[in-house]
Amino acid sequence: MSLNSKDLLGIRELTVEEINLILDTATPMKDILKRKIKKVPTLRGRTIVTFFYEPSTRTRSSFDLAAKYLSADTIAISPSTSSVVKGESLKDTALTIEAMGANIIIIRHSAAGSPHLLAKTVRASVINAGDGTHEHPTQALLDMYTIREKKGTLKGLKVAILGDILHSRVARSNIWGLTKMGAEVRVTGPATLMPAEIEKLGVKVYMSVEEALEGVDVINVLRIQLERQQQGLFPSIREYARLFGLNKQRLALARPDALVLHPGPMNRGVEIAPEIADGTQSVIVEQVTNGVAIRMALLYLLSGEEDSNEITG
């Protein structure tokens, strides 16, 4: 079985079968990460380009490591050091990259829909590493993988997404993925950070954080985007932490074995208390490891199973 498209543009386009395929493929990839020598020849001879218009630590470095562990050749291009600063369009830059022999182009861009434009322009596979406030599919996949690994299933779980839903591409991708896989998704946070009519996506909206967290199996805490604070979307950082931050009292409302996730980077003491971030219910560090495994799985699947080497080398 393989993915239905040459690209990964969003969770919205994926079927349940494709999501399961990606999650299942990530397991042998994670086994590679446990080896003393983390290297297999699976994608030897393939060229993978990362093209990030926005800053990134976890996503960019995990894609880079994923490609290297699979023996692909990699190149990272930044707009500040490319012809973009001379006025070259995204389309022409992509065509230039493809003409150099790129097999997969991984892009992060502030404009929603940029990966879709790219995918229509080039023959190479395109992976969306985050486009504006639209989607961040690989983050949702690693979140789902982490939950499934710990809970055994996604179906029937109650998952609360807490924080800045309005600006979060992570929230949108998680909502589309989790609801497809049969989970009950709750969203909560300040009313000013809640998109209009979000319930049409199949989620339950709670204005009370305490009600939203009651009896949930998973809490996914979103980063408060401090750069948005100038817009006055909530009174102050201190006020946000008091009213909406995940602390010991609020965590106690969830199931005793509830998982705590965070896409990073964290604002400790704002959206999440330090003792929760470092506590026994936190799987935040494991999310990072699983992110590499998920991205290895995607690079493998999009490279074409029929003419690539075995996964394990």
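Let me begin with a definition: a salt bridge here is a side-chain nitrogen of Lys or Arg within 4 Å of a carboxyl oxygen of Asp or Glu. By that rule, three salt bridges cross the interface of domain 1 and domain 2. The model is a predicted one, in which local features need pLDDT of at least 70 and side-chain atom pairs pLDDT 80 or more, while totals for chains, interfaces and linings use all residues. Residues are numbered from 1 along each chain as its sequence is written, and side-chain values use heavy atoms, without hydrogens and water.

Domain 1 covers 7–136 + 289–303 and domain 2 covers 137–284, with bounds from an automatic or database domain assignment. Their C-alpha centres lie 25 Å apart. In contact (heavy atoms within 4.5 Å) are 35 residues of domain 1 and 26 residues of domain 2. The area buried between them is about 2500 Å², with 62% from carbon and sulfur atoms; this is the accessible area (1.4 Å probe) lost on being put together, summed over both parts.

I turn now to the interior. A nonpolar core is a set of buried Ala, Val, Leu, Ile, Met, Phe, Trp, Tyr and Cys residues joined through side-chain atoms within 4.5 Å, buried meaning under 20% relative accessible area (1.4 Å probe, protein chains only). The largest such core has 64 residues, and Leu299 is among those with the most contacts inside it. Beyond four places in sequence, Leu299 touches several residues, including Leu43, Phe63 and Ile127.

Conventions: Buried < 20%, exposed > 50% of the residue type's maximum accessible area, 1.4 Å probe, protein only. Buried area = accessible area lost by both parts, 1.4 Å probe.
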